[in-house]
Amino acid sequence: MNVFERYAPFIQDYIYRSGWQSLRAVQNAAGDAIFGTDENVLLTASTASGKTEAAFFPILTLLDENPSNTVGVLYIAPLKALINDQFGRLNELCEEEGIAVTRWHGDAAQSRKRKLIKKPSGILQITPESLESLLVNKHMEIPSLFGDLRFIVIDEIHSLLRADRGLQTFCLIERLTKLAGCDPRRIGLSATIGNPELAGRFL
């Protein structure tokens, strides 16, 4: 079975609707790694090469086969603008299947945040700073929000390797997993990275 055939039907339908003739190399490689192993995965490829889809097609397939009881995917990005940009792409992919995609940052609607806390599910997009605020201000809700978290996707991971912000982010991830009692896989995405082996060890 090739990677495309392994995807959930709604993912295959999305690819057909988008008019794709074939999967890109990074999407085939990511599918092999995410479907075929239980390891953390680092995806590096040029800008606009389809890394987001490469990660989320297999992730959403696995969640479709075995749904999470809480937020299933935590997507961490360094900038609100990147979250807002990716929100449109992810929402288009997930909307028909009824998978919630929620943004959690200073400009995001409070009503969507309250809805997520009341009924945790789907994908949560967040910046490192908002994740820290969430851990501090919603401490008691962390187990119910993330107790069955399966994946943490870290976008633009190269930007977190150059400063204290990266160490802070990974400390926050450790705190979250301990509080929630979960052990999610980590998927790192990067277009520009000088030392992939170092980044892989950091991930």
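**Entry 1**

Is F56 buried or exposed? I looked it up, and F56 counts as buried because its relative accessibility is 0%. Here buried means under 20% relative accessible area, exposed means over 50%, and partly exposed lies in between, with a 1.4 Å probe and protein chains only.

Before going on, I noted that this is a predicted model, where local features need pLDDT of at least 70, side-chain atom pairs count only at pLDDT 80 or more, and totals for chains, interfaces and linings use all residues. Residues are numbered from 1 along each chain as its sequence is written, and side-chain values use heavy atoms, with hydrogens and water left out.

**Entry 1: aromatic pairs**

I wanted to know how rings pair up. Two rings of Phe, Tyr or Trp (its six-membered ring) pair if their centres lie within 6.5 Å; planes under 30 degrees apart are stacked, over 60 edge-to-face, and the rest tilted. How many aromatic pairs does this rule give? I noted a count of six.

One of them joins W20 and F57, a tilted pair with 5.7 Å from centre to centre and 45° between the planes. This pair links distant parts of the chain: W20 sits in the loop between α2 (9-17) and α3 (25-36), F57 belongs to helix α4 (residues 51-65), and 37 residues separate them. For these names, helices (H or I, at least four residues) and strands (E, at least two) are DSSP runs, numbered from the N terminus. W20 counts as partly exposed because its relative accessible area is 27%, whereas F57 is buried, at 0%.

F56 came back here, as it forms a tilted pair with Y75, 6.3 Å centre to centre and with 45° between the planes. This pair also links distant parts of the chain, with F56 in helix α4 and Y75 in strand β2 (residues 73-76), 19 residues apart. Y75 counts as buried because its relative accessibility is 0%.

Which residues do ring pairs link into a cluster? I wrote down Y7, Y14, W20, F35 and F57.

**Entry 2: charges over rings**

Next I looked for charges over rings, which means NZ of Lys or CZ of Arg within 6 Å of the ring centre and within 35 degrees of the ring normal. R6 has its charged end over the ring of F35, at 4.3 Å from the centre. R103 does likewise with F87, its charged end being 3.8 Å from the ring centre.

**Entry 3: a residue in a strand**

I picked T102, which is in strand β3 (residues 101-104). T102 is buried, because its relative accessibility is 3%. What does T102 touch, leaving out residues up to four places away in sequence? I listed R112, L116, I123, L124 and Q125, where contact means heavy atoms within 4.5 Å.

**Entry 4: cysteines**

How many disulfides are there? I found zero, with a disulfide taken as a pair of cysteine sulfur atoms within 2.5 Å. For C94, the nearest cysteine sulfur is that of C182, 20 Å away. C94 is buried, because its relative accessibility is 0%. For C182, the nearest cysteine sulfur belongs to C171, at 16 Å. C182 counts as buried too, at 11% relative accessibility.

I then turned to pockets and cavities. On a 1 Å grid over the protein atoms alone, a cavity is a set of points where a 1.4 Å probe fits but cannot get out; a pocket is an open set with protein on both sides within 12 Å along at least five of seven lines, and lining residues have an atom within 4 Å of a point. Points are joined across faces, edges and corners, and a volume is the space filled by probe spheres set on them.

The largest pocket holds about 320 Å³ of space. It has 18 lining residues, and A48, S49, G50, K51 and R89 are the closest to its centre. The helix that gives the most to this lining is α5, with four residues.

The whole structure has one cavity of 30 Å³ or more, and the largest cavity holds about 40 Å³. Which residues line the largest cavity? I noted Y14, T52, E53, R89, L90 and L93. Again α5 gives the most, with three residues.

Most residues other than glycine have a negative phi. E156 is not a glycine, yet its phi is positive, about 50°. I found E156 in the loop between β5 (151-154) and α9 (164-180). E156 is partly exposed, because its relative accessible area is 26%.
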